[in-house]
Amino acid sequence: MGKLIQGIRGFNDILCEATPVWRFVETTVCEILDSYGYEEIRLPVVEKTALFARAIGEVTDIVEKEMYTFEDRNGESLTLRPEGTAGCVRACIQHGLLHKGQPRVWYGGAMFRYERPQKGRYRQFHQIGAEVFGVPGPDIDAEMILMTGRMLRSLGLLDLQLQINSLGIPASRAEYRERLVSYFRRHHEQLDEEAQRRLHTNPLRILDSKSLAMQPLIAAAPSILEHLDATSQAHIEQITAILDTAGIAYTLNPRLVRGLDYYTRTVFEWTSERLGAQGAVCAGGRYDGLVEQIGGPPTPAIGFAAGIERLVTLTAAAECVPPEPALHAYLVVVGEEAVAPAYRLVERLRDHLPRVRLRVNSGGGSFKSQFKRADRSGARYALIFAAEELATARVSVKDLRERTDQRRLSEAELIELLAECIAG
Ligand code: HAM
């Protein structure tokens, strides 16, 4: 026997017992996106490296150390997408979608980040994200937060926390950045190594540090909310007014800075305390400069992405996933001569009942062993097709749930019985 070549660390197989929850999460989220007027867009998994470097920011963790970058055979630098916004913006510019009103699009799929794998953090993970272009807000900002809240509630997740912040516009942020740098410089000895490095590259990210020792220093740092320009101030106030009126609880957190550089003004994050260190399940914000920065017309934009693995973990624990429907019937086929007519029968059943869940015994076996398989399959009915049934053009039916006596039915009677079973 050859030695198994194992899967890659941080790249997960999602096995059959987990896929029903995945499907429930994905369909619930998609239905809500549909209901708010978003349309699906499907994007490539690989883009030119320069796109992510320019969009996400050269001095972010993602671009500096987490990207799966490789040279194509022609020497071009390509990267497996670490997130969906950059590719989505690129596609919308490239195909002229930004000239058509105010597009609302959503996308889903695998994303790749070379992070240290741990519970809730993987190297291949999945997101569903959405972006809206051409709306300066703040109404759409609030609507997006309300929509993500509805998604989470629809999955049975009722105890998540919502944090909101405003990062202002580039000019006010630059001013705030200077203040912050001078504050941290005054307390340089309290900064850990990473923070000292960030002081010169991306000082706002120090606010996001998990270092316990630095928390008092971070808590006393100047607040970005006190250094907003007047329009950003009004913008965040209008968002919170809409949320207040809608009865959505949130925390204004001036230390919420996010790991991607493209944000302007609004940023938000839904977090759970049940996920350990990786608590963010859904996050996003406004990025009014990005479209222009990557070659499009000046276009305000906002979006979010939800991490499906984290949603699945929480949804499974909330126990509100409807059970997968059981098999309706398992067909036991006894004798070589019954096989071809049995397939003709089931194909006719499928013509009449497209939603029937029916499994035909495959690989032969005695009546006893096939019947055992039928019993184990969880099917409601065992259908038996052997010499006698073949001769009389009937099918024997055993109700495996009620354990009532076996009956012989014509094809029409069988269709009627299965139709009732499907209707529940
Ligand atoms: P993000 O915060 O980097 O934002 O990722 C969004 C969500 O993806 C996170 O809240 C988390 O649930 C999930 N996630 C991120 N990294 C991992 C990982 N390594 N393993 C498992 N789950 C993970 C973005 O990606 C932005 N593109 C969101 C956005 C869209 N902003 C505007 N438009």
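Biologist: How much space lies in the largest cavity?

Modeller: About 30 Å³, in what is a predicted model. Local features need pLDDT of at least 70 and side-chain atom pairs 80 or more, while totals for linings use all residues. Side-chain values use heavy atoms, without hydrogens or water, and numbering runs from 1 along each chain.

Biologist: What makes it a cavity?

Modeller: On a 1 Å grid over the protein atoms alone, a 1.4 Å probe fits there but cannot get out. The search of the whole structure finds one of 30 Å³ or more.

Biologist: Which residues line the largest cavity?

Modeller: Val 59, Thr 60, Asp 61, Glu 64, Arg 197, Arg 198, Thr 201 and Asn 202; lining residues have an atom within 4 Å of a grid point. Helix H7 (193–201) and helix H3 (61–66) each give two or more of them, with H7 supplying the largest share, three residues.

Biologist: What makes four of those lining residues charged?

Modeller: Asp, Glu, Lys and Arg count as charged, so Asp 61, Glu 64, Arg 197 and Arg 198 qualify.

Biologist: Which element gives the largest share of the shell around the ligand?

Modeller: S10, with six residues.

Terms used
Helices (H or I, at least four residues) and strands (E, at least two) are DSSP runs, numbered from the N terminus. On a 1 Å grid over the protein atoms alone, a cavity is a set of points where a 1.4 Å probe fits but cannot get out, and a pocket is an open set with protein on both sides within 12 Å along at least five of seven lines; lining residues have an atom within 4 Å of a point. Grid points are joined across faces, edges and corners, and a volume is the space filled by probe spheres set on the points.
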